[in-house]
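The plan is to pick a few spots, look them up and jot down what turns up.

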Amino acid sequence: NLTVNSYMFLEPTDYKGIPLTPSQLKLDILLDGVEYVAEDTAPALEMSLTSTHYRMESNATSSSSSLYTSSEAAIAFFTWGSSATVDGTASAVGSTVIDANETTKTVFLSYPRGRTILHDPVLGLSPPAPSDRPPRGPEDPVILGLVLLGPLAAAVVLGSILLLRRTRKAR
């Protein structure tokens, strides 16, 4: 089973050890009851992230990776940690980012074998670098967050569900 829970807070908060602002959406991706058909397989998720007008960029550190796009109004990002909880134990998450084109990137997240896997990426917005131009679009970060994060979250969830269904059909 694939479950995606999302959390958004109206005030800055620390949730499950992750600092969040009102313009961020925390996701919990839970793969539960994973069954394997071969001994040499492991679970993975494939997500396609697209910005309709702006170039997608990637960034990685030792503890997390992210994709982001920026405009005059905001910087939108999707970030994920380099570890997940697999059967109650912290385990490394493999990630590969492939450039489909300038505005679309495909992210593959691969996990060690286990029956229960919990990973918690974050979708978010942050203000752009200061500039002399007046802001465009909604100025309230909560409204801007809902407008931009809703479709991005839906795309991530739908892509994950489609990948899981495709994997099940292949059995």
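Below are my entries, one topic at a time.

**Entry 1: what I'm working with.** I'm looking at a predicted model, so I keep that in mind throughout.

**Entry 2: Asp-28.** I placed Asp-28 in strand 4, which covers residues 24–32. Next I wanted to know which side chain makes a polar contact with that of Asp-28. My search gave Lys-16, at 2.6 Å. I then listed the contacts of Asp-28, skipping neighbours within four places in sequence: Thr-3, Val-4, Asn-5, Tyr-7, Lys-16, Leu-118, His-119 and Asp-120. Tyr-7 is on that list, and I go to Tyr-7 next.

**Entry 3: the aromatic rings.** I searched the whole structure for aromatic pairs and got three. In one of them, Tyr-7 and Tyr-15 have ring centres 4.8 Å apart and planes at 40°, so I noted the pair as tilted. I also looked at Phe-9 with Tyr-15: here the centres are 5.3 Å apart and the planes are at 50°, so this pair is tilted too. Tyr-7, Phe-9 and Tyr-15 go down in my notes as one aromatic cluster. How accessible is each ring residue? I read 22% relative accessibility for Tyr-7, 21% for Tyr-15 and 25% for Phe-9. Tyr-7 is therefore partly exposed, Tyr-15 is partly exposed, and Phe-9 is partly exposed as well.

**Entry 4: a charge over a ring.** Which ring has the charged end of Arg-113 over it? I traced it to Tyr-36, with the charged end 3.9 Å from the ring centre.

**Entry 5: the nonpolar core.** I went to the largest nonpolar core and counted 21 residues. Which members touch the most others? My answer is Phe-78, Leu-109 and Tyr-111. I then checked where the core residues come from: strand 4, strand 5 (44–50), strand 8 (75–81), strand 9 (83–86) and strand 12 each supply at least two. Strand 4 gives the most, with four residues. I also looked up what Phe-78 touches, leaving out residues up to four places away in sequence. The list has Leu-27, Met-47, Leu-49, Ser-65, Ser-66, Leu-67, Pro-121, Val-122 and Leu-123.

**Entry 6: strands 11 and 12.** I followed strand 12 (residues 104–110) to its pairing with strand 11 (residues 94–101), and found seven bridges and an antiparallel run. A hairpin connects the two through two residues. Among the bridges, I noted Gly-94 with Ser-110 in strand 12.

**Entry 7: Lys-105.** Which side chain makes a polar contact with that of Lys-105? I got Asp-99, at 2.3 Å. I also compared Lys-105 with Glu-57: they are 48 residues apart in sequence, and their C-alpha atoms are 8.6 Å apart in space. Beyond four places in sequence, Lys-105 touches several residues, including Met-47, Leu-49, Glu-57, Leu-67 and Asp-99. I saw Met-47, Leu-49 and Leu-67 on the Phe-78 list as well.

Notes: Residues are numbered from 1 along each chain as its sequence is written. This is a predicted model: local features need pLDDT of at least 70, side-chain atom pairs count only at pLDDT 80 or more; totals for chains, interfaces and linings use all residues. Side-chain values use heavy atoms; hydrogens and water are left out. A polar contact is a pair of N or O atoms within 3.5 Å; within protein, one must be able to donate a hydrogen and the other to accept it, and residues adjacent in sequence count only if both atoms are side-chain atoms. Contact means heavy atoms within 4.5 Å. Two strands pair if DSSP finds at least two bridges between them. Rings of Phe, Tyr and Trp (its six-membered ring) pair if their centres lie within 6.5 Å; planes under 30 degrees apart count as stacked, over 60 as edge-to-face and the rest as tilted. Buried means under 20% relative accessible area, exposed over 50%, partly exposed in between (1.4 Å probe, protein chains only). A charge sits over a ring if NZ of Lys or CZ of Arg is within 6 Å of the ring centre and within 35 degrees of the ring normal. A nonpolar core is a set of buried Ala, Val, Leu, Ile, Met, Phe, Trp, Tyr and Cys residues joined through side-chain atoms within 4.5 Å.
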